[in-house]
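Let's take a walk through this model together. Have the sequence and the coordinates open as we go.

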Amino acid sequence: MAEEVRAPLAGNIFKVLVEPGAKVQEDDELLVIEALKMENLVYSPCGGTVKEVRVKPGDKVDEDAVLLVIE
Amino acid sequence: MRPYFEKMPAFGKELKENRLARTRDSRAKLEEVEAGIAAARKAREQVGLPADAINKRGSLTVWQRLEALVDPGSWHPLHSLYNPEDNEEGTTNVVDGLAKIAGRWAVVIGFDNKVLAGAWIAGQSENILRVTNLARRLRVPLVWLVNCSGVKLPDQEKFYADRRGGGTPFYRHAELNQEGVPILAGIYGTNPAGGGYQAISPTILLAHKDANLAVGGAGIVSGMSPRGGFDVAGLEELIAKTRDIKERPPGRVETHFGETGFLSRVYDDEKGVLEGIKEYMRAIPAYDPAFFRVAAPAEPRLPASDLYHLLPFNQKEGYVFDDLLARLVDGSEHMEFRPGYGPEIYTGLVKVDGMLLGAIGNRQGLLPKGYPEYADYPGIGGKLYRQGLIKMNEFVTQCGRDRLPVIWFQDTTGIDVGDIAEKAELLGLGQSLIYSIQQTEVPMMLVVLRKGSAAAHYVMGGPTANRHNVFTLGTAATEIYVMHGETAAVATYSRRAIKEKDSARPLEPIAEKMNEMAKKYFDTSRPAYCARYGFVDEIVELKALRGYLKAFAGAAYQNPASICPRHQMLLPRLIRG
């Protein structure tokens, strides 16, 4: 089952820490969103394989935008 | 209360491989700063005459005396880099720290007899005041290694007089005695004038056979009467008098042991004095640590080395505070107070060396959606909001009631600001926290993990909590300032930038000034600067942090002024519900 990882807040993508195909565990660090003067880590909500990464560094994202998909 | 404390809920997550890999660079930067601090501390130890030169005179250095005095492994230095008046000597000329002597905690301080024979110099009285306050707040003995040649005369105007000048510590010694906190003095060398009062003001005086202590020393006595100037004949007279008096300085042991009896004991050997101090330390009131332990001491389940991967060097990066705290407390166990309420703040009970303490810290990163509840903007860790402030007020009050010492961990950018925050009463709640701290009687320590900023640095048990804050530690990532340098530059220059723009003048000079200001804020907030000017009492390596927590807990519970029986504590019941 695929799980979409969404942006917890609006901001700029600062770093993407995983690539498609990467195995991740629950609570692994996936990417960093720069917002509110801070670099905010986004953690994996579940274990699985990164199926798709929909953002790249520098992208602006809105709150709830899909950032990547884990399967 | 065994079911509450013996096995508390475990917390803290194992370090993830990807975090370990991603934070190697951050670890290297933290360790680089720690190495710089260690080198500065080493250089500070080596100022003045070399140890060999002192030893050739038949004396030990202050460091050799300390090594012989304190229990191995118990020395926790404080104020190592403190030099607030920028003395050319690079020191305030006293060395101090927390240590065990004969198995009991004491605050230990000694004059550095390698530098100007242990003279008073600028900034020293402020250093001594911090140290006397330490003993007072912890109610543990103050142990002095007195070897003080008196005022560095060419600089006397910098520290002799004033409200907190060179004489203030003697009043503080009187206060300690009156409060039942003993001061033990091991006296060496020549101690005239200020040195004499340094030697006479403690509770018990033990001296080396060649020591002297006097209202005025040979130099003053021989040149006592001003004659309106100097000439050769006068100098001849002075030389003759000085030669005579130098042979037999005033206040020798034969006077103050044999005649006045000020000295309790005199020893032929330098180390004998230290053995005497140990003997007196064994005679002071101190609870066996077992008396206050709520569980057997245990090391954290999660390793201290992880701290270097959990606390990011990058100030903008978030981390999980609970994971960090779990590496510092016994068994990585805790009882969290009001989890979920005021999520930007951690409050909970932890054990350190088997003793119960309150812990308070800023959580980092994005806060749950809908928080703060009074605003339409997202909450971010490091800031203080309404619920967090209320929770800290409640927790501190209950710690005071249950007689639990408190450890604060700051990494804060300040209290939420703006009209909405004002309506949410944050100004009043911040001051309420100060009130709550002041109406407790428990000792508190602070670790500024990264940022100590804005009013939050004050209200979260900062050094400004004079009566409670025992000491404040910093780390390699510490930075302390009223606000970030770029924010300060904006606050200072934004109106001027508008004026320049409206007058069609170039903006480059303003930008340059703003950059200068931001750089100054950066330079004056680094760990070494914070230590030098007393914003913190010591910069401590992350791997050594737990040792200071144990020293604090051990000292705070050694001889407390007031006790709450564990079965009458409320906080554990409030947490369990």
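Which residue in E8(A) does A:Arg6 stand opposite? The residue facing A:Arg6 is A:Val66. Before going on, a word on ground rules: this is a predicted model, where local features need pLDDT of at least 70, side-chain atom pairs count only at pLDDT 80 or more, and totals for chains, interfaces and linings use all residues. Residues are numbered from 1 along each chain as its sequence is written, while chains are lettered from A and ligands numbered from 1 in the order in which they are written.

Back to chain A. E1(A) and E8(A), the latter covering residues 66-70, run antiparallel and share four bridges. Strands here (E, at least two residues) and helices (H or I, at least four) are DSSP runs numbered from the N terminus, and two strands count as paired if DSSP finds at least two bridges between them. The pair belongs to an open sheet of four strands, ordered E1-E8-E6-E3 in chain A, with antiparallel pairing. At its edges sit E1 (3-6) and E3 (23-24) of chain A, each pairing on one side only. As background, strands of a sheet pair through backbone hydrogen bonds, either parallel or antiparallel.

Another open sheet of four strands in chain A has the order E5-E4-E2-E7, again with antiparallel pairing. Its edge strands are E5 (38-43) and E7 (60-61) of chain A, each with pairing on one side only. E2(A), residues 11-16, meets E7(A) in the antiparallel sense over two bridges, and A:Asn12 has A:Lys60 in E7(A) as its bridge partner.

Now look at where the chains touch. Chain A puts 12 residues into the contact and chain B puts in 12 residues (contact means C-beta atoms, placed from the backbone, within 7 Å). On the chain A side, E5(A) gives the most, with four residues.

Over in chain B, the assignment gives domain 1 (48-215 + 250-282), domain 2 (289-478 + 536-576) and domain 3 (484-525); such bounds come from an automatic or database domain assignment. The centres of domain 2 and domain 3 of chain B, taken over C-alpha atoms, are 35 Å apart.

Two helix pairs in chain B are worth a stop. The axes of H19(B) (485-502) and H20(B) (508-523) come within 8 Å and cross at roughly 165°. Axes are lines fitted to C-alpha atoms, for helices over the stretch in contact, with angles from 0 to 180 degrees between N-to-C directions. That makes H19(B) and H20(B) roughly antiparallel. Among the residues making the contact are B:Tyr493 of H19(B) and B:Met517 of H20(B).

For H15(B) (386-401) and H17(B) (426-438), the packing angle is about 15° and the axes are 9 Å apart. These two helices are therefore roughly parallel. Angles under 35 degrees count as roughly parallel, over 145 as roughly antiparallel, 65 to 115 as roughly perpendicular and the rest as oblique. Residues of H15(B) including B:Leu389 and B:Val396 meet residues of H17(B) including B:Leu429 and B:Leu433.

Last, two backbone details. Most residues other than glycine have a negative phi, and most peptide bonds are trans. B:Tyr371 and B:Pro372 are joined by a cis peptide bond, with omega about 0°, and B:Pro372 lies in the loop between E12 (355-362) and E13 (383-384) of chain B. B:Asp86 has a positive phi, near 55°, in the loop between E1 (76-78) and E2 (94-101) of chain B.

How values were computed. Contact = placed C-beta atoms within 7 Å.
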